[in-house]
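Student: I am new to this structure. Please take me through one part of it closely, and then show me what surrounds that part.

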Amino acid sequence: MLQIQIGPERAAEPDDSLGRPTIGWRPGMTETEAWEAGRGIWKFNADRALAQELVQIVNTEGTVLAVATITGISKHGDRYALEGDLLRGDVRVGQQTSTPHRSRNSVAYF
């Protein structure tokens, strides 16, 4: 499983290649909003990411915000964004992750 940890919500760069006005998380955001905020744009090992079946988007407190299947990646300069299918209503959403994110890196593989 791939896990992406996102910090507090802030304005995205004006030239955000995913067209997002903000990135990060805020209390009360929907699974769809968490997926869009967390799926990119990251430096990661593309082959290793594609070898994973699922991705969890978690906040810095370890709460699962969204779960998706990984169907591909898109390249954005020297970084990548995940492509996938959001698993709306997954039982893990809103719960503490069973794989705590111990790295300072936002992207972790489990």
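Tutor: Thr63 lies in the loop between β5 and β6. Strands here are DSSP runs of E with at least two residues, and helices are runs of H or I with at least four, numbered from the N terminus. This is a predicted model, in which local features need pLDDT of at least 70, side-chain atom pairs count only at pLDDT 80 or more, and totals for chains, interfaces and linings use all residues. Residues are numbered from 1 along each chain as its sequence is written, and side-chain values use heavy atoms, with hydrogens and water left out.

Is Thr63 buried or exposed? Thr63 has a relative accessible area of 17%, so it counts as buried. The cut-offs are under 20% for buried and over 50% for exposed, with partly exposed in between (1.4 Å probe, protein chains only). Thr63 touches Ile57, Val58, Gly94, Gln95 and Gln96, leaving aside residues up to four places away in sequence. Contact means heavy atoms within 4.5 Å.

Now the hairpin around this loop. Four residues stand between β5 and β6, and Gly62 takes a positive phi near 90°. The two strands pair in the antiparallel sense over five bridges. Two strands count as paired if DSSP finds at least two bridges between them. Val58, one of the residues that Thr63 touches, stands opposite Val64 in β6. Gln56 has Val67 in β6 as its bridge partner.

Follow β6 onward. β6 pairs with β7 in the antiparallel sense over eight bridges. This hairpin has two residues between its strands, and Gly77 takes a positive phi near 65°. His76 has Arg79 in β7 as its bridge partner, and Lys75 stands opposite Tyr80. Tyr80 is also the bridge partner of Trp42. β4 and β7 pair in the antiparallel sense over two bridges.

Next, the whole sheet. Six strands form an open sheet in the order β4-β7-β6-β5-β1-β8, with mixed pairing. β4 and β8 (107-109) are the edge strands, each pairing on one side only. From one strand to the next, the twist averages 40°. The axes behind that angle are lines fitted to C-alpha atoms (for helices, over the stretch in contact), and angles run from 0 to 180 degrees between N-to-C directions.

Helix α1 (residues 31-38) has Ala34, Trp35, Ala37 and Gly38 as its buried residues. Seen down the axis of α1, these fall within an arc of 165°, so they line one face of the helix. The arc is taken over the directions from the helix axis to the C-beta atoms. The buried residues of α1 pack against strands including β1 (2-6), β5 (54-59) and β6 (64-76).

Last, the core. The largest nonpolar core has 22 residues, and Ile4, Ile6, Trp35, Val55 and Leu82 have the most contacts inside it. Such a core is a set of buried Ala, Val, Leu, Ile, Met, Phe, Trp, Tyr and Cys residues joined through side-chain atoms within 4.5 Å. β6 gives the largest share, four residues. Ile6 touches residues including Ala34, Ala37, Ile57 and Val58. Ile57 and Val58 are also among the residues that Thr63 touches.
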